[in-house]
Structure formats: structure tokens, C-alpha cells
Amino acid sequence: DLKIRYDYLQKAERLYNTMVKLNPENPWYQNRLAEIYNLYSQYFKQIAMLPGTDEAARKDAEHKAMGFAKKSEDKIYFSATLDPNNPLFKMSIAYLYHQRLQFDQALKEYQKIIDIDDQFAEAYFNMADIYIQQKKLDMALSSYDKINQFRPNFNNLHLMIGKIYLQQGKAKAAKEEFIKELEGNRNNVAGYQMLGSQLYQER
């Protein structure tokens, strides 16, 4: 229910603002407040899309959504400045660039994360996604290989490797990767779909 959601968002915002007043340099409080603003933005986007919303109300909701999105971004950057060696906060910045398709900036931020923690699997995984979009499949495979060295059961790792192998015409190797995915993540629906498709192709 949208009204209930909005009420709880307001309660959460008041609590986090109180925490920030008590300890303004705690990066976790700032980062959580960023998430609240992000949820506000999503809420107003939904309001703008409601059937029967008149033009003035729609524009007002869209304006508020943009405003809260900006506030969320500001808090994300601020929390990262408070704790510059925390890869989690840098991950939020990298993902912002990633979502905007600003791949060069995103890759730089992901690399900073890896410089801090060379076993931060999500950074390698997201870098691979960018390389795939840039058609740099060998670089994507290299990123996935890094994850495989220390977290071989990382969710969707072998699924994505298998998909690249399919693009490269390596059907047998792809099938083996889909099997590995399901051995480590038995509830991965996409893994079953991809493996089933390969078995069908093999009759």
C-alpha cells in the first residue's frame, strides 16, 4: 500500500536524521539515509505512473522523484568521503556510474574497490558486465576467473561464463558451466533454463 509505505519511509527518515545529528560523521548512517532517499524517489516514480493521475500531479511527482534521487546521490558520495577505504561505500558510487552507462568512471571505481580488497567478488562481477556490454568478452572472462579463484559458488558466476561460451560457439564448455552453476546454486532458475536449452539442442 503506497500510503503505508510513505508513512514508514517518513518514520525511517526521522530516525536516521536523529542518528545523523547524534553522530554526523558515521558513514553508515549517511549511507542508510541515502537508501531512504532512493526509496522516496522510487515511491514518487510510482505515484507519477498511477492511472488517473492528472498532468500537474504527475509532473510534481516526477520533480520530487528527481530531487530525492539527487539527495540520495549526494549522501552516497558523502558517506564515501567519511570512510574512503571502505569498499562498500565505493561500490555505491561505482554502481551509480554503472547505472548511468558511464562505464569508464564505473570501471575506475570498481578498480579502486579491488585495490582495497582484491577478493571483492561483486566488483569483478560488475566489471565483467561492463566488458560484456562493450563486447570485450575475453576481459569479462578474466574478471569471472578472478572470482572463481576464491568464490567458485558465487551466484550466477558459471551461468554468465556459460553464456559467453555460447556466444563464442563453445557449446560443450557452456553446458559444463551451467552444470557447475546448478551444483553450487540449486535454486537458480536461469541455470536450469540454459542447461535445458542446451540439452534440447543436443536432442
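Predicted model: local features only at pLDDT ≥ 70, side-chain atom pairs only at ≥ 80, totals over all residues.
Let's start with the helix pair. Helix H2 covers residues 27-48 and helix H3 covers residues 55-82. Their axes lie 7 Å apart, and the packing angle is about 165°. Angles over 145 degrees count as roughly antiparallel, so that is how H2 and H3 run relative to each other. The crossing of H2 past H3 is left-handed. And what sits in that contact, by class? There are 15 nonpolar residues, along with six polar and six charged ones.

Is Gln30 buried or exposed? Its relative accessibility is 2%, so Gln30 counts as buried. Setting aside neighbours within four places in sequence, its contacts are Val20, Pro24, Lys75, Phe78, Ser79 and Leu82.

On to the cores. The largest nonpolar core has 41 residues, and those touching the most other members are Tyr110, Ile113, Ile132, Ala140, Tyr144, Ile147 and Ile164. Which elements give two or more residues to this core? They are H3, H4 (87-99), H5 (103-116), H6 (121-133), H7 (137-150), H8 (157-167) and H9 (171-184). H6 gives the most, with nine residues.

There is also a second, separate core of 13 residues, including Leu33, Ile36, Tyr43 and Ile47.

Let me finish with Ile147. Again leaving out neighbours within four places in sequence, Ile147 is in contact with Ala121, Tyr124, Phe125, Pro152, Phe154 and Leu157. Thanks, everyone!

How values were computed. Residues numbered from 1 in each chain as written. Heavy atoms only, no water. Axes fitted to C-alpha atoms, helices over the stretch in contact; angles between N-to-C directions. Helix = DSSP H or I, 4+ residues; strand = E, 2+ residues; numbered from the N terminus. Parallel < 35°, antiparallel > 145°, perpendicular 65-115°, else oblique. Left-handed = near helix turned anticlockwise from the far one by under 90°. Nonpolar A, V, L, I, M, F, W, Y, C, P; charged D, E, K, R; others polar. Buried < 20%, exposed > 50% of the residue type's maximum accessible area, 1.4 Å probe, protein only. Contact = heavy atoms within 4.5 Å. Core = buried A, V, L, I, M, F, W, Y, C linked by side-chain atoms within 4.5 Å.
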